[in-house]
Amino acid sequence: MTEHLKGSASTRKDDDWDIVIKPSKGNTPDLGLVWQYRDLVWMFFKRDFTTFYKQTILGPVWYIIQPSLTAMTYYVVFGKIANLSTDGLPPFLFYMSGTIIWSYFSACLTNNSEVFSKNANLFGKVYFPRLVVPLSVAMSGLVAFAIQFLLLLTVSIGMKIANPDLALSYWFLFLTPLVLLYIAVLGIGAGLVVSALTVRFRDLVYAVGFMTQLWMYGTPIVYPFSQIPERYHWFYYINPMTTPVQTFRWALFDAPALPAGLCLANLAVTVAITLCGLALFSRAEANAMDTV
């Protein structure tokens with residue numbers, strides 16, 4: 001009897017099973033497998049959104065309060081006290097546009113920086129492509145951006161009616177989805193790099209918020225790119241968030257456009273960060289549960 005069982009087990013082939021789980025080949029996740037789990041991405045998206053605001057009083061209204069207060073603070077500190085230029089744009093629109101763009105990127109980066117530690121219990125019990133979680137995080141951030149963008153658009157139209165000289169371009173209808181895709185890819189890629197490194201170096205968890213804040217001040221959020229001295233332009237060529245911020249303002253308010261070379265350099269850096277993040281994440285997920 002025992003020999004018969006051994007024989008049947010030894011002759012069983014992979015084709016006899018409904019699902020065969022194999023280690024990934026190469027240094028990148030199987031994106032085709034992630035597509036097969038797209039329903040799980042949607043489920044995680046709904047879970048994150050409902051859980052975050054389940055016991056709040058104002059709920060999604062916080063999406064409006066936060067950027068509005070932030071833009072007003074920037075207006076007082078950088079507009080009135082520091083007297084920084086806004087490229088001729090109304091200060092509230094200038095700071096608000098930069099704030100909502102940066103908020104989406106920051107959410108993608110910081111929320112994905114602890115993928116393994118925050119989901120250790122789930123990862124240890126059931127198998128699914130781990131990349132599903134970072135994708136759902138990026139989708140959750142789109143809800144906040146959509147609400148904040150509608151607020152920005154409403155205020156912009158109101159100011160346009162009050163002041164017909166205010167430039168309001170319609171290019172945002174075509175470029176905003178591309179800007180969001182760019183930011184999502186960059187935020188996920190950078191988040192994957194950090195999450196893979198935090199498996200071994202847990203101190204990075206405490207440094208992410210600080211480094212993100214420094215990164216923001218190195219991006220034209222509270223100041224326009226036109227005011228940056230030319231000798232410092234090299235830094236913005238390697239800062240991949242320069243392009244989406246300035247492009248978003250150009251598409252919506254006809255702000256000065258960036259040089260094509262800078263945009264291409266930012267795109268190259270984004271691709272490099274994303275590929276690096278996918279490779280590190282793929283390696284880390286193999287033994288992350290043993291370490292975390």
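Asn83 sits in the loop that links helix H4 (62-81) to helix H5 (91-112). Helices here are DSSP runs of H or I with at least four residues, while strands are runs of E with at least two, and both are numbered from the N terminus. This is a predicted model, where local features need pLDDT of at least 70, side-chain atom pairs count only at pLDDT 80 or more, and totals for chains, interfaces and linings use all residues. Residues are numbered from 1 along each chain as its sequence is written, and side-chain values use heavy atoms, with hydrogens and water left out.

Asn83 is exposed, at a relative accessible area of 62%. For these labels, buried means under 20% relative accessible area, exposed means over 50%, and partly exposed is in between (1.4 Å probe, protein chains only). Most residues other than glycine have a negative phi. Two residues to look at here:

| Residue | Phi | Loop |
|---|---|---|
| Asn83 | positive, about 55° | between H4 (62-81) and H5 (91-112) |

Now for the whole chain. Of its 292 residues, 42% are buried. Take the contacts (heavy atoms within 4.5 Å) between residues at least 6 apart in sequence: 79% of them join residues at least 24 apart. The accessible surface is about 16500 Å², with 65% belonging to carbon and sulfur atoms. Accessible areas come from the Shrake-Rupley method with a 1.4 Å probe, and for residues only the protein chains shown count as cover.

The axes of H8 (residues 132-162) and H9 (residues 172-198) come within 11 Å and cross at roughly 140°. Those axes are lines fitted to C-alpha atoms over the stretch in contact, with angles from 0 to 180 degrees between N-to-C directions. The residues that meet include Phe145 and Phe149 in H8, and Leu180 and Ile188 in H9.

Finally, the surface. Tyr232, Trp234, Phe235, Tyr237 and Ile238 make a nonpolar patch of about 520 Å². Patch residues have over 30% relative accessible area and no salt bridge, and nonpolar side chains (Val, Leu, Ile, Met, Phe, Trp, Tyr) are joined within 5 Å, like charges within 9 Å. A salt bridge is a Lys or Arg side-chain nitrogen within 4 Å of an Asp or Glu carboxyl oxygen. Tyr237 belongs to helix H11 (residues 233-237) and is partly exposed, at 31%.
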